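Please look over the model below before reading the notes.

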Amino acid sequence: MNPFFDDLGSRFTTAASQRGATIAPPTLDPAVAAELLELARVAAHTQERRFAPLASFLAGVAAERLRAAGGRTDPETVAGMIRDVWSQLEAEATA
């Protein structure tokens, strides 16, 4: 996506290696990134600002659980799942 996130992915790979695990560097798809930013925005504005990064983390956990359950995890599917959730949160806050 950009050099910062490429470097960050490499750092996670190194950190995992230091803990005895070999992982591929995590990457961030632009469409998924856009939905994560929207989720963080909605969480920050409808709940508490400090919830934004935790909401993004939970989205990542949900995406991994979707993969582990055998669901589709292509970027469009993951972005759509995140969009569904932030849209629900935003609609509830404005209702």
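The points below describe a predicted model.

Local features need pLDDT of at least 70 and side-chain atom pairs count only at pLDDT 80 or more, while totals for chains, interfaces and linings use all residues. Residues are numbered from 1 along each chain as its sequence is written, and side-chain values use heavy atoms, with hydrogens and water left out.

**Overall fold**
- The chain has four helices and zero strands (DSSP runs numbered from the N terminus: H or I of at least four residues for helices, E of at least two for strands).
- The C-alpha trace spans about 50 × 30 × 25 Å along its principal axes.
- Of the 95 residues, 22% count as buried (under 20% relative accessible area, 1.4 Å probe, protein chains only).

**Helix 2 and helix 3**
- The axes of helix 2 (residues 30-46) and helix 3 (residues 51-68) come within 8 Å and cross at roughly 135° (lines fitted to C-alpha atoms over the stretch in contact, with angles from 0 to 180 degrees between N-to-C directions).
- Leu36, Leu39, Ala40, Ala43 and Ala44 in helix 2 meet Phe51, Ala52, Ala55, Ser56 and Ala59 in helix 3 (contact means heavy atoms within 4.5 Å).

**Nonpolar core**
- The largest nonpolar core has 12 residues, including Val32, Val42, Ala63, Ile82 and Trp86 (a set of buried Ala, Val, Leu, Ile, Met, Phe, Trp, Tyr and Cys residues joined through side-chain atoms within 4.5 Å).
- Helix 2, helix 3 and helix 4 (75-94) each give two or more residues to this core, and helix 2 supplies the largest share, five residues.
- Alanine 63 touches Thr73, Val78 and Met81, not counting residues up to four places away in sequence.

Methods. Buried means under 20% relative accessible area, exposed over 50%, partly exposed in between (1.4 Å probe, protein chains only).
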